Amino acid sequence: MRTLLSSVTLALTIILVGGTNRAMAGKFFQSGGVRGLLSLPRSGSFSQNSYELEELEDLCSNADPVMALNACSEAIQRQNCHRQDILEPDLFPKCAILFDNLGAVLEQTGRYEEALTSLRYAAELQPTDANIWYNLGVVYIHLHRYQQALYAFDKAADLDPDDTQAQKQADLLRELLDPGSLPREPESD
C-alpha cells in the first residue's frame with residue numbers, strides 16, 4: 001500500500017497560519033552510505049527477523065509513525081535499498097515505494113529535510129512514479145520551496161493525467177505564487 005501525503009491545501013494553511021506539529025519519532029538515518037544518504041540503525045524489535053519482509057513493508061505504510069520508521073528502515077536494510085552500489089535494478093520499484101512511504105512518515109512527523117532526502121532518493125530509483133513527485137511537492141511546501149513544489153506537482157500531473165489532486169495543487173500553488181492574484185490590503189487613509 002502506498003502512502004499519499006495530505007493535501008497541499010492543508011499544508012499551505014498550516015504554513016501560512018504558522019507552526020506545525022513537530023512531534024519527533026525515534027531514530028532515523030545516521031550519516032554515511034550513498035552520497036551521505038543512508039546508514040540505517042538496526043532496530044532491536046525488527047532486526048531479530050521477527051517479521052517477514054512483507055509484514056515490514058505493510059507496517060512501513062500502515063503503522064503508527066515510530067513503528068513505521070523502524071519497519072521502513074528494517075525493510076530498506078534487508079533489501080539493501082540504501083546501498084545503490086549493490087542494489088539490483090529489479091528492486092528499484094520496490095525500494096522506491098519503501099523510500100516513498102518512509103518520506104511520507106517523516107513528513108507526518110515534521111522531519112521535512114529527512115523526508116526530502118528519502119523522497120529524492122525514491123525519485124532517483126523510480127523517476128516516473130507520480131506518487132513520489134506528489135509527495136515531494138508536499139514536502140517542498142513545508143520547506144517553503146514553492147517553485148520546486150510547483151515543479152513536483154506539475155511532474156506528478158504529467159505522469160498521471162488522471163490524478164486531479166496533483167493538478168489542483170499545482171494550479172492552487174501557481175495562483176498563490178502570482179502576486180497579482182493575492183488580495184490587496186486596503187489602503188489606509
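Is Cys72 buried or exposed? Select Cys72: the residue is buried, at a relative accessible area of 0%. Buried here means under 20% relative accessible area, exposed over 50%, and partly exposed in between (1.4 Å probe, protein chains only).

**Before you start**

This is a predicted model, in which local features need pLDDT of at least 70 and side-chain atom pairs count only at pLDDT 80 or more, while totals for chains, interfaces and linings use all residues. Residues are numbered from 1 along each chain as its sequence is written, and side-chain values use heavy atoms, with hydrogens and water left out.

**Stop 1: the whole chain**

Show the chain as a cartoon. There are nine helices and zero strands. Helices (H or I, at least four residues) and strands (E, at least two) are DSSP runs, numbered from the N terminus. Of the 189 residues, 44% are buried. Now consider contacts, meaning heavy atoms within 4.5 Å. Among those between residues at least 6 apart in sequence, 62% join residues at least 24 apart.

**Stop 2: Cys60 and Cys72**

Cys60 and Cys72 form a disulfide, with sulfur atoms 1.8 Å apart. The rule for a disulfide is a pair of cysteine sulfur atoms within 2.5 Å. Cys60 sits in helix α3 (residues 53–62) and Cys72 in helix α4 (residues 65–78), 12 residues apart. The torsion about the S-S bond is about 95°, so this disulfide is right-handed. Cys60 is buried too, at 0% relative accessibility.

**Stop 3: α3 against α4**

Keep both helices in view. Their axes are 8 Å apart, and α3 and α4 pack at an angle of about 140°. That makes α3 oblique to α4. Axes are lines fitted to C-alpha atoms, for helices over the stretch in contact, and angles run from 0 to 180 degrees between N-to-C directions. Under 35 degrees counts as roughly parallel, over 145 as roughly antiparallel, 65 to 115 as roughly perpendicular, and the rest as oblique.

**Stop 4: α4 against α5**

Move on to α5 (92–108). The axes of α4 and α5 come within 10 Å and cross at roughly 155°. That makes α4 roughly antiparallel to α5.

**Stop 5: Cys81 and Cys95**

Which residue does a disulfide join to Cys81? The partner is Cys95, S to S 1.9 Å. Cys81 lies in the loop between α4 and α5, and Cys95 in helix α5, so the pair ties together parts that are 14 residues apart in sequence. The link is left-handed, with -65° about the S-S bond. Both Cys81 and Cys95 are buried. The count comes to two disulfides. With the bonded cysteines numbered in sequence order, the pairing is 1-2, 3-4.

**Stop 6: the nonpolar core**

A nonpolar core is a set of buried Ala, Val, Leu, Ile, Met, Phe, Trp, Tyr and Cys residues joined through side-chain atoms within 4.5 Å. The largest one has 46 residues. Select Phe99, Leu102, Leu125, Leu136, Val139 and Phe153, which have the most contacts inside this core. α7 (130–142) is one of the elements giving two or more residues. α7 gives the most, with nine.

Finish on Leu136. Leaving out residues up to four places away in sequence, Leu136 touches Leu116, Leu119, Arg120, Ala123 and Ala152.
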